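Student: Hi! Could you walk me through how the inside of this one is packed?
Tutor: Happy to, let's look at it together.

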Amino acid sequence: MATSADYAAQSPASQPQATQSVGEKKNNGMEAIEDIIYGSAAGIIGKYIEYPFDTVKVRLQSQPDHLPLRYHGPLDCFRQSIRADGVLGLYRGISAPLVGAAAETSSLFFFERLGRETVYASGLYAKTTVLPLPALWFTGAFSGTFTSFVLTPIELVKCKIQVPAPTATGGVRQKPPGVLSVIKDVYKHDGLRGFWHGQMGTFLREAGGCAAWFGSKETTTKLFYVLNERGVKTQAEKDALRTESLPLWQQAIAGASAGMSYNFLFFPADTIKSRMQTTAVGGTAVKNTFMQEGRALWHQHGLRGMYRGCGITVLRSAPSSAFIFMVYDGLKKYFPLGTATP
């Protein structure tokens, strides 16, 4: 993932030759380690910020079609949830999502880097040039595609903890299931394949959403650099400006725009996925396909049902994504694990 200073660093004058030395290969490996370590740290911080809102979102999304709506909106869901379980109830099952957030964010940055390397390897762009915005949107989609296979099992466990599904006989579990009990249930009844139930929804959300996540962040970042150059007269001053990180408030806006774009554009895919992953396990429980679940939701509630819980999701994604990018970019800038060879 390009950091703020990378735009100047990718200029032809500052790039190494195309032939990599041993030191450069080592540096690429260190950058991959940075993606994993710093992406994990950023993801964990972001998850603590957004998790209560995510719990409410999943509960709103997964309300049964054949029963009256239990929650009449995000605020009502917050009130009922806190009244029933207290504030800590909104953090129920956060242990698995923390692992998931670390895996998700580190995978996103790691695969985005691989996506950029793939684009350069295709020969469409020289390694000494900055990738244009369409290519960066593509690398986001590339990242999301591979990350979706990492996320689906983690989100399935998370959803079943956040919204305990009715049992196969129709009764409701009184005690929320734990991580291990969910894993055992899924494996017992559906085998290893059962952990990827809802994969199509995760794939659509991540491939499209991550194109928007990375693409919006890069687009907004470049826009701020253009705006900041207004009033700068000499080329030397412009070059100096491009080597500096954006002000924190501009970094926050760029990150917030990324999160809001990611969540709004492909929210229906996430809604269908959440409904699939909160169905009962085993017995006579019916497991709909992605298309079957989508048709059922559409016939029952229309477009409004597809976007149930979207408002609160977009709202919580703004600060969460802002912190994720700021933490990740800041760690890479101030605590680099490898330096390029001259």
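Tutor: A quick definition to start: a nonpolar core is a set of buried Ala, Val, Leu, Ile, Met, Phe, Trp, Tyr and Cys residues joined through side-chain atoms within 4.5 Å. Keep in mind that this is a predicted model.

Student: Okay, how many residues does the largest nonpolar core have?
Tutor: The largest one has 13 residues, and Phe-109, Trp-213 and Phe-214 have the most contacts inside it. Helices H2, H4, H7, H9 and H12 each give two or more residues to this core. H12 provides the largest share, with four residues.

Student: And which residues is Trp-213 in contact with, leaving aside neighbours within four places in sequence?
Tutor: Among them are Leu-108, Phe-109, Tyr-262, Ile-324 and Phe-325. Apart from this core there is another, of eight residues, including Ala-96, Leu-156, Val-182 and Val-281.

Student: Switching to rings: how many aromatic pairs are there?
Tutor: The count comes to 16. One of them, Phe-109 with Tyr-328, is stacked, at 3.7 Å centre to centre and 0 degrees between the planes. Phe-109 sits in helix H4 and Tyr-328 in helix H12, 219 residues apart.

Student: Are those two buried or exposed?
Tutor: Both Phe-109 and Tyr-328 are buried. They also belong to one aromatic cluster with Trp-213, Phe-214 and Phe-325.

Student: Why is the pair of Phe-110 and Phe-111 edge-to-face?
Tutor: Because their planes are at 70 degrees, with ring centres 5.4 Å apart; planes over 60 degrees apart count as edge-to-face.

Student: What about the exposure of Phe-110?
Tutor: Phe-110 is partly exposed, at 26% relative accessible area, whereas Phe-111 counts as buried at 18%.

Terms used
Residues are numbered from 1 along each chain as its sequence is written. This is a predicted model: local features need pLDDT of at least 70, side-chain atom pairs count only at pLDDT 80 or more; totals for chains, interfaces and linings use all residues. Side-chain values use heavy atoms; hydrogens and water are left out. Buried means under 20% relative accessible area, exposed over 50%, partly exposed in between (1.4 Å probe, protein chains only). Contact means heavy atoms within 4.5 Å. Rings of Phe, Tyr and Trp (its six-membered ring) pair if their centres lie within 6.5 Å; planes under 30 degrees apart count as stacked, over 60 as edge-to-face and the rest as tilted.
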